[in-house]
Amino acid sequence: MTPPIARDPDRLRTALDQLSGLAYTKGHGTGNDFVLVPDLDGETELSPDHVEALCDRHLGVGADGLIRVVGSTHLIEGRDLLAEHPEATWFMDYRNADGSVAEMCGNGVRVFVHYLATRGLVDLAPGQTLTIGTRAGARAVTRLEDGYSTDMGPWDYLDPELAKERASDSLVLAAGLEDPRPALSLSLGNPHTVVALPDEGDLQWLDLTKEPNVDPVPPNGTNVEFVVPADPLFHEGVGRVQMRVHERGVGETQSCGTGACAAATAVRLWAGDRDALQWRVGVPGGTVGVEFLPQPDGSERVLLSGPAALVFDGTMA
Ligand SMILES: N[C@@H](CCC[C@H](N)C(=O)O)C(=O)O
């Protein structure tokens with residue numbers, strides 16, 4: 001991640017000048033906010049500088065990430081996916097605020113589908129499901145009365161060799177913690193490293209303006225989730241976790257959907273309770289639901305549910 005002090009305002013201003021006339025929509029899922037750029041026919045080239053400038057909270061629109069709304073036939077990753085999933089005709093081209101590409105965004109996928117549904121680009125009534133393309137593969141998103149539920153695919157250990165029989169595979173030190181703490185790295189299509197803290201006081205006092213130190217750092221970097229399991233952990237059969245997150249390519253965000261799935265997965269593994277299928281994960285921007293669906297081959301698919309909102313439309317001056 002680029003340290004704020006290294007920001008180059010001239011480079012970002014130049015990038016913004018090149019985007020004059022660009023239409024966008026601002027949206028969010030539990031406070032994880034995005035600039036959505038409709039590019040239905042794949043005609044808009046967005047460089048890392050363009051993305052960084054649009055996401056800049058001082059010079060641009062401001063967001064944790066950018067989502068290009070594009071037909072799957074208009075990018076290589078989309079065309080590759082269409083061969084196996086011809087129904088995935090829309091592609092969520094997601095980028096982090098620093099301009100880097102990420103495989104998946106759990107909150108973004110709901111906001112993306114909400115955009116398609118409310119702008120009349122797809123017909124999607126509550127109860128109906130739409131499959132969309134992402135760099136982590138096809139994802140089925142079901143519209144609910146009050147939000148969306150996404151089949152995020154199976155969770156996995158980031159490094160199955162290292163982690164399978166162990167509760168942790170790395171150490172994480174963050175500003176506000178006295179000592180490095182054990183952590184477990186998981187994949188939800190993108191990489192996550194989950195760290196448990198003893199209580200909510202520890203969570204509140206973390207300073208996530210600085211990037212946490214992960215040792216060893218996974219090959220493609222990682223999002224870091226700090227979690228506090230509720231006490232008692234279960235209420236009416238639902239597991240409860242509070243979380244803060246430092247996202248790869250962004251910094252601290254109000255919420256991270258894939259991160260919430262990783263947090264529930266790690267806490268469930270640590271609790272040793274594979275029968276606990278329903279979880280609620282509290283984040284600074286709200287609450288999301290996580291459900292595990294055991295599969296005949298022993299894997300478990302993860303369902304993520306939560307709200308999606310569009311806030312305003314704009315055009316770059
Ligand atoms: N906020 C997202 C995750 C976005 C990508 C992440 N920063 C990465 O680089 O993997 C979510 O809701 O999942």
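## Where C256 sits

C256 has its place in the loop between strand 15 (251–253) and helix 7 (257–271); helices (H or I, at least four residues) and strands (E, at least two) are DSSP runs, numbered from the N terminus. This is a predicted model: local features need pLDDT of at least 70, side-chain atom pairs count only at pLDDT 80 or more, and totals for chains, interfaces and linings use all residues. Residues are numbered from 1 along each chain as its sequence is written.

Is C256 buried or exposed? C256 counts as buried because it has 36 C-beta neighbours inside 10 Å. The cut-offs are these: buried takes 20 or more other C-beta atoms within 10 Å of the residue's own, exposed 12 or fewer, and partly exposed is in between, with C-beta atoms placed from the backbone. Leaving out residues up to four places away in sequence, C256 touches N32, N107, N223, V245 and E247; contact means that the C-beta atoms, placed from the backbone, lie within 7 Å.

## C105 and the active-site record

An unreviewed UniProt entry has the annotation "active site" on C105 and C256; such annotations may be inferred rather than shown by experiment. The two are spread over 152 residues of sequence, yet they cluster in space, with a largest C-alpha distance of 7.6 Å.

C105 is in the loop between strand 4 (90–96) and helix 4 (106–118). C105 is buried too, with 29 other C-beta atoms within 10 Å. Not counting residues up to four places away in sequence, C105 touches G65, Y94, G257 and T258.

## Around the ligand

Now for the ligand: 19 residues surround it, and the closest are A102, N107, N190, G257 and T258. Here a residue is near if its C-beta atom, placed from the backbone, lies within 6 Å of the molecule. Helix 4 and helix 7 are the elements that give two or more residues to this shell.

By class, the shell around the ligand has four nonpolar, 13 polar and two charged residues. Ala, Val, Leu, Ile, Met, Phe, Trp, Tyr, Cys and Pro count as nonpolar, Asp, Glu, Lys and Arg as charged, and the others, Gly among them, as polar.

## Q242 in strand 14

Q242 is part of strand 14 (residues 238–247) and is buried, with 21 other C-beta atoms within 10 Å. Q242 touches E200, L203, V227, V228 and G282, again not counting residues up to four places away in sequence. Q242 and A264 are 22 residues apart in sequence and 9.6 Å apart in space, C-alpha to C-alpha.

Terms used:
Two residues are in contact if their C-beta atoms, placed from the backbone, lie within 7 Å.
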